[in-house]
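Okay, quick one from me today. Have the model up on your screens and follow along.

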Amino acid sequence: MLDVAVIENAAAAEATLDPIRARLLAELRVPASAASVAARMGLPRQKVNYHLKMLELHGLVTLVDEKRRGNVTERIMGATARSYVISPAALPEVAPDPAYEPNRLSARWMLAVAARLVKDVGTLITGADRANQRLATFALDGEITFATAADRAAFVAELAASTAQLAQKYHSGSATGGRKHRLVVALHPSVKVTAETQLKES
C-alpha cells in the first residue's frame, strides 16, 4: 500500500468524490471483505459491492486475498493507498496556470504554483512507479513566528536574495546531461486549529 496515491484520471477522481466510496477507501486501509465493511458502515452488502466494483475499476482498491467459505468465495479487498490526492491533471481544461499574472505576493498565484507542484510531482511519481525507479525530491516544511510585519518583510527579502544567490551558484545551463529541477518556496500564515477542527480530524 502506498502512503499517497495521485489521481490523474477525471473518472477516477469523480469516483472518489462519492461519500460512500470515500468512506470505503478509508475503511479498506485495512483489507476486508464486502460483508464486513457493509456491517461496519450499516449498508446492504449489494450496495457496498457495487461501489467496490467502481473503485476497483479505477484502480483505487485491489484484490488482496480470496477465502473460500462453503460454496462462496469471499474477496478480501484493500485500498491501494492510505490517502489520495486529486491532481489538476484530472481537469486539464480548468487547471490553474501560474503563467497567468505571476505575482509573488498573490495568494491565488501561490495556489496556482502549488497546483502545478501537485500535477508535476504526481506525473513524476506515476512515471517512476512504472519504471520501478526512485524519484529524487526534497522538501522543507516548518513554521516561523514573526514579531512584526516588518520582520516578515525583511525575512522574505533575505530569503529571496539568499535563494537567488544559491541558485546562481549551482545552476549550470550548459552542463552535458544536466537535468532541470523546479524550485518552489512558499510562505503563508499557518491555518489556525480550532477545537472544532481537532474534533473533525479525530
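So, V37: leaving out neighbours within four places in sequence, V37 is in contact (heavy atoms within 4.5 Å) with L24, E27, L28, A32 and V48. Before I go on, this is a predicted model, where local features need pLDDT of at least 70, side-chain atom pairs count only at pLDDT 80 or more, and totals for chains, interfaces and linings use all residues. Residues are numbered from 1 along each chain as its sequence is written, and side-chain values use heavy atoms, with hydrogens and water left out.

Now the core. By nonpolar core I mean buried Ala, Val, Leu, Ile, Met, Phe, Trp, Tyr and Cys residues joined through side-chain atoms within 4.5 Å, with buried being under 20% relative accessible area, exposed over 50% and partly exposed in between, using a 1.4 Å probe and protein chains only. The largest one has 21 residues, and L24, L28, V37, V48 and L52 touch the most other members. Two or more residues each come from α1 (10–17), α2, α3 (34–41), α4 and β4 (72–79); those are DSSP runs numbered from the N terminus, helices being H or I with at least four residues and strands E with at least two. The largest share, four residues, is from α3.

Next, helix packing. Helix α2 (residues 19–27) packs on helix α4 (residues 45–57) at about 80°, axes 10 Å apart; axes are lines fitted to C-alpha atoms over the stretch in contact, and angles run from 0 to 180 degrees between N-to-C directions. On the α2 side, I20, R21, L24 and L25 do the meeting.
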